[in-house]
Amino acid sequence: MSSLALSVPKIARWPSITTCGPTSSRNAEGQIKRPDVVIRLPDGKDVVIDSKVNLVSYEQAVASEEDDEREQYLRAHLAALRSQIKGLSEQDYDQLPDIRSLDFVLLFIPIESAFTLAMEADRRLFTEAFNKRIMLVSPTTLMMALRIINNLWRVEKQNKNAQEIASKAGAYT
């Protein structure tokens, strides 16, 4: 069972949060899009999580006994992640009619050491992904990222309510 499959029940126990497994939707051109998981937060907000990461090169790098070979597999691991980031950035899940998402997607890397190795090998990878509206997360950082997103949306809602109250109060003076 994947780490994401283990995390989804934990997320579902949060108050006011619903999780959906793989779901299908059609974009404006009629193409079918299938995010792996959609987390439905309160107030009609969604977080899309993709977990289709190729870890073959990572496994080969870890199993390799020779430094040159390990380095070659590590470069292939980074290339595989970049390829997934590029492909995921082109999915435009936030544009689907039945998903009320952020303008970014969480890319879940299910093996913590694969995530850590990639971040250590190329510190630009996270920024490159983020610039393409992809946030890289691992089993350790997934729950934290979701809590931060939920808290930011809650603060945004509170700010909107405060502005609405202030403008109504200004109308009475």
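## Close-up views of a predicted model

The protein chain has six helices and seven strands. The model is predicted.

Figure 1. The protein chain holds 173 residues, and buried residues make up 38% of them. Among contacts with a separation of 6 or more, 64% join residues 24 or more positions apart.

**Figure 2. Helix 3 covers residues 67–89.** The helix has 23 residues, and at 1.5 Å a residue it should span 33 Å. Which residues of helix 3 are buried? They are Leu74, His77, Leu78, Leu81, Gln84, Ile85, Leu88 and Ser89. In an α-helix, residues three or four places apart point the same way, because a turn takes 3.6 residues. The buried residues of helix 3 pack against several elements. Three are helices: helix 2 (56–63), helix 4 (112–121) and helix 5 (124–131). The others are strand 5 (45–50), strand 6 (105–108) and strand 7 (134–137).

**Figure 3. Helix 3 meets helix 4.** Two packed helices are described by the angle between their axes and the distance between the axes. Here the axes of helix 3 and helix 4 come within 10 Å and cross at roughly 100°. Angles of 65 to 115 degrees count as roughly perpendicular, so helix 3 is roughly perpendicular to helix 4. Helix 3 brings Leu74, His77, Leu78 and Leu81 to the contact. Helix 4 brings Ala114, Leu117, Ala118 and Ala121. How many residues of this contact are nonpolar, polar and charged? Seven are nonpolar, one is polar and none is charged. The four contact residues listed for helix 3 are also among its buried residues.

**Figure 4. Phe104, Phe126 and Phe130 form a cluster through ring pairs.** A search of the whole structure finds two aromatic pairs. One of them joins Phe104 and Phe130. Their ring centres lie 6.1 Å apart, with 45° between the planes, and the pair is tilted. This pair links distant parts of the chain. Phe104 sits in the loop between helix 3 and strand 6, Phe130 sits in helix 5, and the two are 26 residues apart. Phe104 is buried, with a relative accessible area of 15%. Phe130 is partly exposed, with a relative accessible area of 41%. Phe130 also pairs with Phe126. The centres of these two rings are 6.4 Å apart and their planes stand at 15°, so the pair is stacked. Why are Phe126 and Phe130 separated by about one helical turn? They are separated by about one turn because they are four residues apart in helix 5. Phe126 counts as partly exposed, at 31% relative accessibility.

**Figure 5. Ala79 lies in helix 3.** Is Ala79 buried or partly exposed? Ala79 is partly exposed, with a relative accessible area of 43%. Ala79 and Ser57 are 22 residues apart in sequence. In space, their C-alpha atoms are 9.3 Å apart.

**Figure 6. Arg133 has a positive phi.** The phi value is near 70°, in a residue other than glycine. Where is Arg133? Arg133 belongs to the loop between helix 5 and strand 7. Its relative accessible area is 30%, so Arg133 is partly exposed.

Note on methods
Residues numbered from 1 in each chain as written. Predicted model: local features only at pLDDT ≥ 70, side-chain atom pairs only at ≥ 80, totals over all residues. Heavy atoms only, no water. Expected span 1.5 Å × (residues − 1). Buried < 20%, exposed > 50% of the residue type's maximum accessible area, 1.4 Å probe, protein only. Contact = heavy atoms within 4.5 Å. Axes fitted to C-alpha atoms, helices over the stretch in contact; angles between N-to-C directions. Parallel < 35°, antiparallel > 145°, perpendicular 65-115°, else oblique. Nonpolar A, V, L, I, M, F, W, Y, C, P; charged D, E, K, R; others polar. Phe/Tyr/Trp six-rings, centres within 6.5 Å; stacked < 30°, edge-to-face > 60°.
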